[in-house]
Amino acid sequence: MNIKRQEAFDIAIEAIRKLPVSEKNQAAVEYLEAARNERYIKYSGKTPDEWVADFIVQYETIQPSSADDYDLRRRQGSPSWVTIARYAGLSTWYELVSFTGVSRECLNRKFRLKAEPREWTVRSTSHFLEEYIKLKEHIDEVFRVNCGE
């Protein structure tokens, strides 16, 4: 079960309110309410989940080539991709793009390659490498003959 930061504050505040009324408990509630609201003041118009959904809509509209491009072209008043990633419990642009399932086609080539790994085969025609392989095979054969394997 994942619990969001906002929910954790709400649970703590509610628990303290059930305790006997005291100056100390009231101060704790006020402190927790201030701390809870501090992060969400700027983006209080929507819940974190609604901002994630909004990110998807804006991303598909903007078709950014990178995280920086998204932040430059996002709608004024919208959180940065970092804030939205934090709302989703993520920490990187790659995780956010993967989590939301948005298309990667618009992203720069470097990111697309990272997101879609490929298998590479390297072949060498080096004369020294070929000689080394022959020598190693010969040594292995001599070892097998002398050691009776």
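The following questions and answers concern the predicted model shown above. Local features require pLDDT of at least 70 and side-chain atom pairs count only at pLDDT 80 or more, while totals for chains, interfaces and linings use all residues. Residues are numbered from 1 along each chain as its sequence is written, and side-chain values use heavy atoms, with hydrogens and water left out.

Q: How many helices and how many strands are there in the protein?
A: Helices (H or I, at least four residues) and strands (E, at least two) are DSSP runs, numbered from the N terminus. Along the sequence the pattern reads α-α-α-α-α-α-α-α. The count is 8 helices and 0 strands.

Q: What percentage of the residues in the protein is buried?
A: A residue is buried under 20% relative accessible area, exposed over 50%, and partly exposed in between (1.4 Å probe, protein chains only). The protein has 149 residues, and the buried share of them is 27%.

Q: How is the pair of phenylalanine 55 and tryptophan 93 classed?
A: Rings of Phe, Tyr and Trp (its six-membered ring) pair if their centres lie within 6.5 Å; planes under 30 degrees apart count as stacked, over 60 as edge-to-face and the rest as tilted. The whole structure holds 6 aromatic pairs. In the pair of phenylalanine 55 and tryptophan 93, the centres are 6.1 Å apart and the planes lie at 85°, so the class is edge-to-face.

Q: Which helices does the pair of phenylalanine 55 and tryptophan 93 link?
A: The two residues are 38 residues apart and belong to distant parts of the chain. Phenylalanine 55 is buried at 0% relative accessibility, and tryptophan 93 is buried at 10%. Phenylalanine 55 lies in helix α3 (residues 48–62) and tryptophan 93 in helix α6 (residues 93–100), which makes the linked helices α3 and α6.

Q: What is the angle between the planes of tryptophan 81 and tryptophan 93?
A: Tryptophan 81 lies in helix α5 (residues 81–87), 12 residues apart from tryptophan 93 in helix α6. Both tryptophans are buried. Their edge-to-face pair has a centre-to-centre distance of 5.7 Å and a plane angle of 75°.

Q: Which residues form one aromatic cluster?
A: Tryptophan 93 pairs with tryptophan 81 and also with phenylalanine 55. The cluster is made up of Phe55, Tyr59, Tyr70, Trp81 and Trp93.

Q: In which helix do aspartate 69 and arginine 73 lie?
A: Their side chains form a salt bridge with an N to O distance of 2.9 Å. Aspartate 69 is buried at 16% relative accessible area, while arginine 73 is partly exposed at 43%. The two residues are 4 residues apart, about one turn of the helix, in helix α4.

Q: Are lysine 136 and aspartate 140 buried or partly exposed?
A: These residues form a salt bridge (3.2 Å, N to O), and both lie in helix α8 (residues 127–147). Lysine 136 has a relative accessible area of 39% and is partly exposed. Aspartate 140, at 29%, likewise counts as partly exposed.

How values were computed:
A salt bridge is a side-chain nitrogen of Lys or Arg within 4 Å of a carboxyl oxygen of Asp or Glu.
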